[in-house]
Amino acid sequence: MQSSEPTPPPGRRTAILALLAFAMLIVSLDQYIVVVALPAIGRGLGYSTQTLQAVISAYAVTSAGFLLLGGRASDLLGRRRVLATGLALYASGSVLGGLAPTPAVLLVARAVQGLGGALVFPSTLALINTTFREGPERNRAVAVWGGTGAAGLVVGVLLGGVLTQALGWEAVFFVNVPLAGLALLLTFALVPADGRRAAGRRFDLPGALTAALGITLLIFVLVQGPNLGWASAGVLSSAAGAVICLTACVVIERRSRDPLVPPRLLASRNLATAVAMAFLFWATFGSVLYFLTLYFQDVRGYDALGTGIAFLIPTAVVVAGSTFAGRAVTPWGLRPTLALSLAVGATGAVALAVTMSPDGNYTTLIPGLILISLGDGISFTAIFIAAGIGVADREQGVASGITSTSTSIGAAVGLALLVLVADAGTAGLTGDSLQVATVDGFRTAVLVIAAGIAVTAVLSLSLRPEPRMRLQPSCPRGFVPPPKDR
């Protein structure tokens, strides 16, 4: 669907894309920059082994819970305002994290960072989808955005290792301050000012808050269930709260005159398919990095920096795949591009599982790493292209929020289940037996991931052809009108 808003000149659009990709880099970088610093954080602030995971969970849970709210806010309050607010929260949380004197303060800081990320992610994608014309132009822009985000994950591992070793764990927080500050200044300099809110549109605060709280509690259950125990009081009460909040949200949405998620969006076959694929994508591809990190460090004995270096090849391939996807989708179409890339990814996962062993070497992993990373990069970009097709500009934010929320839930569900699969045969073992069983568990988990990717490939066949490829019902047979001027 074409935009009704004025289009910035080409040079300005390029600068805006660079800014949005930079903002995406900041958000993705922080997902793993803290992982490498966890042991040092534990020593510095007195975390126990059991509570240290909360440093990761505080960010993940808050971010996932407020993504939909962030997308809705960007549509109603203005995408530049929401992006700027998200970057400001990110910088503030980073300052607080670097100065944190106690574990509780650090967890608050991580939650503030997560809230900032929940505003930045959907607003950047919505800005891309409203700044660039649907078709080849937008496809290339989403490819740059997605490739930069993918690169940020491994840059975070590398940068986290270097900063922690050279300057201490506080540096992994302070490094975000100048980055987010620069992005904030560029946001006001480059992104056009937001217009007035459309008459008659409401924020639907009750629906937004019940959805955010319900999703937050759900993600908490999925993330903390394996650590606290699925039958623990905290997990059971959170699960009950999630059911109550999400049920209340459905009731509120049905009665709202301007619901958080418009029914026509839910009826969009392409968006519904993209949301389901995003869930499966993050449950499968998104879990590979976790198991590879454990394999490199716990089995192969790599340190944090060595692990980051081991990810250089797959990162380069993911970025190349994302860039290629932006060009491939236009001539080939979404369905063929996604089906082929997911088939390649599933093949790579099988190859990776076969070559993982207690005494193997890195070179044997390279073919599988290349194939799964190629499928990862192409599929990620194509899924988010699919999510924006045919969506009106005024609803791009909430569409982005729905899709990104699906990725967060998928990541939590996928990892929780796959960890159970990987750990199934390790109970009571020690020494060499434990290491062999651990690798066997990793192999089994990656084979399950391959099966999940194959299911995602089948699901991709449900996508409708892009609107520009279909005949318009009001036009003479065989006539396809040219694109409207923006």
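**A tour of salt bridges, helices and a surface patch**

Counting a side-chain nitrogen of Lys or Arg within 4 Å of a carboxyl oxygen of Asp or Glu as a salt bridge, this predicted model has five salt bridges. Side chains of opposite charge can pair when their charged atoms come close.

Select glutamate 137 and arginine 13. They form a salt bridge, with the closest N and O atoms 3.7 Å apart. The pair links distant parts of the chain, 124 residues apart: glutamate 137 is in helix α5 (residues 136–167) and arginine 13 is in helix α1. Glutamate 137 is partly exposed at 25% relative accessibility, whereas arginine 13 is buried at 14%.

Next, select glutamate 134 and arginine 138. Their closest N and O atoms are 3.6 Å apart in another salt bridge. Glutamate 134 is buried, at 11% relative accessible area, and arginine 138 is buried too, at 3%.

Now go to helix α17 (residues 431–460), where arginine 443 and aspartate 440 are separated by about one helical turn because they are three residues apart. In their salt bridge the closest N and O atoms are 2.2 Å apart.

Show helix α1 (residues 10–45) with helix α7 (residues 176–190). Their axes are 10 Å apart and meet at an angle of about 155°, so α1 is roughly antiparallel to α7. The crossing is left-handed.

Select alanine 64 in helix α2 (residues 54–77). This residue is buried, at 1% relative accessible area. Alanine 411 is 347 residues away in sequence, yet the two C-alpha atoms are 10.0 Å apart.

Finish with Val162, Leu305, Ile309 and Leu312, which make a nonpolar surface patch of about 320 Å². Leucine 305 is in helix α12 (residues 304–310) and is partly exposed at 32% relative accessibility.

How values were computed. Residues numbered from 1 in each chain as written. Predicted model: local features only at pLDDT ≥ 70, side-chain atom pairs only at ≥ 80, totals over all residues. Heavy atoms only, no water. Patch = residues over 30% accessible without salt bridge, like charges linked within 9 Å, V, L, I, M, F, W, Y side chains within 5 Å. Areas by Shrake-Rupley, 256 points an atom, 1.4 Å probe, with all protein chains shown as cover. Helix = DSSP H or I, 4+ residues; strand = E, 2+ residues; numbered from the N terminus. Buried < 20%, exposed > 50% of the residue type's maximum accessible area, 1.4 Å probe, protein only. Axes fitted to C-alpha atoms, helices over the stretch in contact; angles between N-to-C directions. Parallel < 35°, antiparallel > 145°, perpendicular 65-115°, else oblique. Left-handed = near helix turned anticlockwise from the far one by under 90°.
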